[in-house]
Amino acid sequence: MIAPAPAPSLRARLRAAAGLADDGVRTLVIGEVAQSHDGSLGLAHAFVDAIAAAGADAVKFQTHIAAAESTPAEPWRVRFSRQDATRYDYWRRMEFTEAQWQGLADHARERGLLFLSSPFSAEAFELLARVGVAAWKVASGETGNVAMLRRMAATGLPVLLSSGMSPWAELDAAVATVRAAGAPLAVMQCTTAYPCPPERVGLNVLQAFRARYGDDVPVGLSDHSGTIWPSVAAATLGAEVLEVHVALSREMFGPDVPASVTSAELRELVAGVRAVERMRAHPVDKEVAAAETAPLRQLFTRSLVARAPLPAGTVLTEAHLVAKKPGTGLPPSALPTVVGRRLVRDLAADELLAPAHLAPTVVAEPR
């Protein structure tokens, strides 16, 4: 029976929908801009170019419409801005017009990137639906927003769920909502800590997702550590989606910078993930590998040789022999079968011992 072909990866499906060829790479790498553009459209476009140049697959923004998302009384989580009197003022400064969002989406596609943005209100969802996104990325704080999830899933586009603030019950409900609509789904481990220390990354949750939701649901990591290591580690565990915040420099302003990798580090992350994918795609058979390296084995392994000149008739002891390169004679593992045998001819110092040099029987020890 011919085994069925593996299902296309989430990345392959997204690329196909965007008119991009499947290059056989499975892991989707998303560069998250979030608010690091600081309300500057020019800087937002610069991020598109930087993330494309780093080799990532997608650029992701966040679409905030202050009046639809928050009240003027929304408190600061951490007051980081000297420029904005209130959190609401900050969200207003992060807004772009629909035409500006369209320009960013078009720019991303021109650079071969999938365009993503998380909506934080029904109005933001509607705006992004008109602009066009490759998939819906659900921020951790929106996983329990059932009305939004239903609208996303109804589009038929893939839904990428971040789980940073969700207990299992809420996440189970979100998964069920998306599945009920028949939309493609991925579930991403995420820890809401900025930056996230290694002991809180939660790589173990990837396997918990697989066990809970089945192998047909891609799993991934949305990382806020500010380093490349959690993503590379997640790739070794078969994560299909990786998302990291990106900054052009660690000296940039903004709440996301401490939890971001630089664009240069993003390039390293992508290279590391692609290398891990090649390793995982090519398992090694140890027996075949050993056979292939047989010529090298003779160069790097050792043989039993005479420690000093030995006359014919010598009954060999361990003291007579030493293991030296090359490995073209009797191996050191043969020592127990050699000790107690009589030489049938003289051996020079450093001469490799061979079966022909030995009498066929062990000399009996005296009683």
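## A buried phenylalanine

Phe61 has 0% relative accessibility, so Phe61 counts as buried (buried means under 20% relative accessible area, exposed over 50% and partly exposed in between, with a 1.4 Å probe and protein chains only). This is a predicted model, where local features need pLDDT of at least 70 and side-chain atom pairs count only at pLDDT 80 or more, while totals for chains, interfaces and linings use all residues. Residues are numbered from 1 along each chain as its sequence is written, and side-chain values use heavy atoms, with hydrogens and water left out.

## Aromatic partners

A pair of aromatic rings is described by the distance of the centres and the angle of the planes. Rings of Phe, Tyr and Trp (its six-membered ring) pair if their centres lie within 6.5 Å; planes under 30 degrees apart count as stacked, over 60 as edge-to-face and the rest as tilted. The whole structure holds 8 aromatic pairs. In one of them, the ring centres of Phe61 and Trp101 are 5.7 Å apart and the planes stand at 75°, so this pair is edge-to-face. Phe61 sits in strand S2 (residues 58–63) and Trp101 in helix H5 (residues 98–110), so the pair ties together parts that are 40 residues apart in sequence. Helices (H or I, at least four residues) and strands (E, at least two) are DSSP runs, numbered from the N terminus. Trp101 is buried as well, with a relative accessible area of 2%.

How are the rings of Phe61 and Phe115 arranged? Their centres are 6.1 Å apart and their planes at 40°, so the pair is tilted. Phe115 belongs to strand S3 (residues 114–119) and Phe61 to strand S2, so this pair ties together parts that are 54 residues apart in sequence. One aromatic cluster is formed by Phe61, Phe96, Trp101 and Phe115.

## The nonpolar core

A nonpolar core is a set of buried Ala, Val, Leu, Ile, Met, Phe, Trp, Tyr and Cys residues joined through side-chain atoms within 4.5 Å. The largest one has 62 residues, of which Val59, Phe61, Phe115, Leu161 and Leu266 touch the most other members. Apart from it lies another core, of 13 residues, including Ile30 and Val241.

## Ser117 beside the strand

Ser117 lies in strand S3 and is buried, at 0% relative accessibility. Its side chain reaches the backbone oxygen of Phe61 at 3.2 Å. A polar atom of the Ser117 side chain also lies 3.4 Å from the backbone nitrogen of Gln62.

Key: Polar contact = N/O pair within 3.5 Å; in protein donor to acceptor, adjacent residues only side chain to side chain.
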